[in-house]
Amino acid sequence: MLSPTESRTKEVETVVEVKDNKKPTFTLGSKSKGKLIGVHPDLVAVVERAIEISTKQDFTVLEGLRTKERQRQLVRDGKSQTMNSRHLTGHAVDLAPVVNGSISWDWDYYWELERVMKQASKELGVPIEWGGDWTTFKDGPHWQLPWNRYK
C-alpha cells in the first residue's frame, strides 16, 4: 500500500452520477468491489453505505484481504509495522479519496472520508477504527473492525 506521504498518483475507476442538478452520487466500481472479496461482511456494508452517503468525496478501495507474502513485503518496505495486520483475516480495508480521477494522498480529502465512514458505521451499528485516529504511525487509508468485537 502507498502511504499518504507518497506523491505519485494512480488512475482509478470512478463512477459518478449527477441527476437533476443535485449533488453527485458515487458508487463503487468493479475493481473496488473485487478488492472487497474476502473482507468481513460488516465492514463491506460500512464501505458500501459510506459511498452511498458521500456527496462530496469519491473514494476507491485500495486493498482488503492480504496474503502473508504481501504483508511481509509491506513490512519490509516500511509501509506496515506488523505481521499481525487485520488485513490478513479480512477485518480491514484501505480506502483512498479520488480527486479528478486519481488517488490523492492529501490529508484534506481524508477528513471527508472519515466523516462518511464513521456516519455509515453509526447508522449500521458496526464499530470501526480508523488509522487516522492512531497516535503513532497514522494511516489515513486504513479502516478496521476492532479486535475486541471481531476475532
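Predicted model: local features only at pLDDT ≥ 70, side-chain atom pairs only at ≥ 80, totals over all residues.

Q: Is H87 buried or exposed?
A: H87 has a relative accessible area of 1%, and buried means under 20%, so H87 is buried.

Q: What does H87 touch, leaving aside neighbours within four places in sequence?
A: H87 is in contact with E63, G64, L65, R66, A92, V93, D94 and H142.

Q: And which side chain has a polar contact with that of H87?
A: That of H142. The polar contact between the side chains of H87 and H142 is 3.3 Å.

Q: What about the backbone nitrogen of H87, what lies 3.0 Å from it?
A: A polar atom of the side chain of S85. S85 is also in the loop between α3 and β4.

Q: Is S85 buried or exposed?
A: Its relative accessibility is 8%. The limit for buried is under 20%, so S85 counts as buried.

Q: Which residues does S85 contact, apart from those within four places in sequence?
A: R66 and Q71.

Q: What is G64 in contact with, setting aside neighbours within four places?
A: With K35, V39, H87, A92 and V93. As for chain distance, G64 and Q144 are 80 residues apart along the chain, and their C-alpha atoms are separated by 9.9 Å.

Q: Let's move to a strand. Where is V61 found?
A: V61 is found in strand β3. V61 is buried, with a relative accessible area of 1%.

Q: Which residues does V61 touch, not counting those up to four places away?
A: V61 touches L28, S32, K35, L36, V47, D94 and L95. K35 is also among the contacts of G64, and D94 is also among those of H87.

Q: Zooming out, how many helices and strands does the protein have?
A: There are 4 helices and 7 strands. Along the sequence, the pattern reads β-β-α-α-β-α-β-β-α-β-β.

Q: How much of the protein counts as buried?
A: Of its 151 residues, 46% count as buried. The protein exposes about 8,200 Å², and carbon and sulfur atoms supply 51% of that area.

Q: And what share of the contacts comes from residues 24 or more positions apart?
A: Among contacts with a separation of 6 or more, residues 24 or more positions apart account for 64%.

Q: New topic: pockets. What is the volume of the largest pocket?
A: About 270 Å³. The largest pocket is lined by 18 residues, and S80, T82, W134, D139 and H142 lie nearest its centre.

Q: What classes of residue make up that lining?
A: The lining has 4 nonpolar, 9 polar and 5 charged residues. H142, one of those nearest the centre, is the residue whose side chain makes the polar contact with H87.

Q: What contacts does G131 make, leaving aside neighbours within four places?
A: G131 is in contact with K138, D139 and H142. G131 is found in the loop between β6 and β7 and is buried, at a relative accessible area of 0%.

Q: How far is G131 from D94 in space?
A: 9.4 Å, C-alpha to C-alpha, with the two residues 37 apart in sequence.

Q: Last topic: backbone angles. What is the phi of F137 near?
A: Near 50 degrees, a positive value in a residue other than glycine. Most residues other than glycine have a negative phi. F137 is in the loop between β6, residues 129–130, and β7, residues 142–144.

Q: And what is phi near for N100?
A: For N100 phi is near 55 degrees, also a positive value in a residue other than glycine. N100 is found in the loop between β4, residues 92–99, and β5, residues 102–103.

Conventions:
Residues numbered from 1 in each chain as written. Heavy atoms only, no water. Helix = DSSP H or I, 4+ residues; strand = E, 2+ residues; numbered from the N terminus. Buried < 20%, exposed > 50% of the residue type's maximum accessible area, 1.4 Å probe, protein only. Contact = heavy atoms within 4.5 Å. Areas by Shrake-Rupley, 256 points an atom, 1.4 Å probe, with all protein chains shown as cover. 1 Å grid on protein atoms, 1.4 Å probe; cavity = no way out; pocket = protein on both sides within 12 Å on 5 of 7 lines; lining within 4 Å. Points joined across faces, edges and corners; volume = space filled by probe spheres on them. Nonpolar A, V, L, I, M, F, W, Y, C, P; charged D, E, K, R; others polar. Polar contact = N/O pair within 3.5 Å; in protein donor to acceptor, adjacent residues only side chain to side chain.
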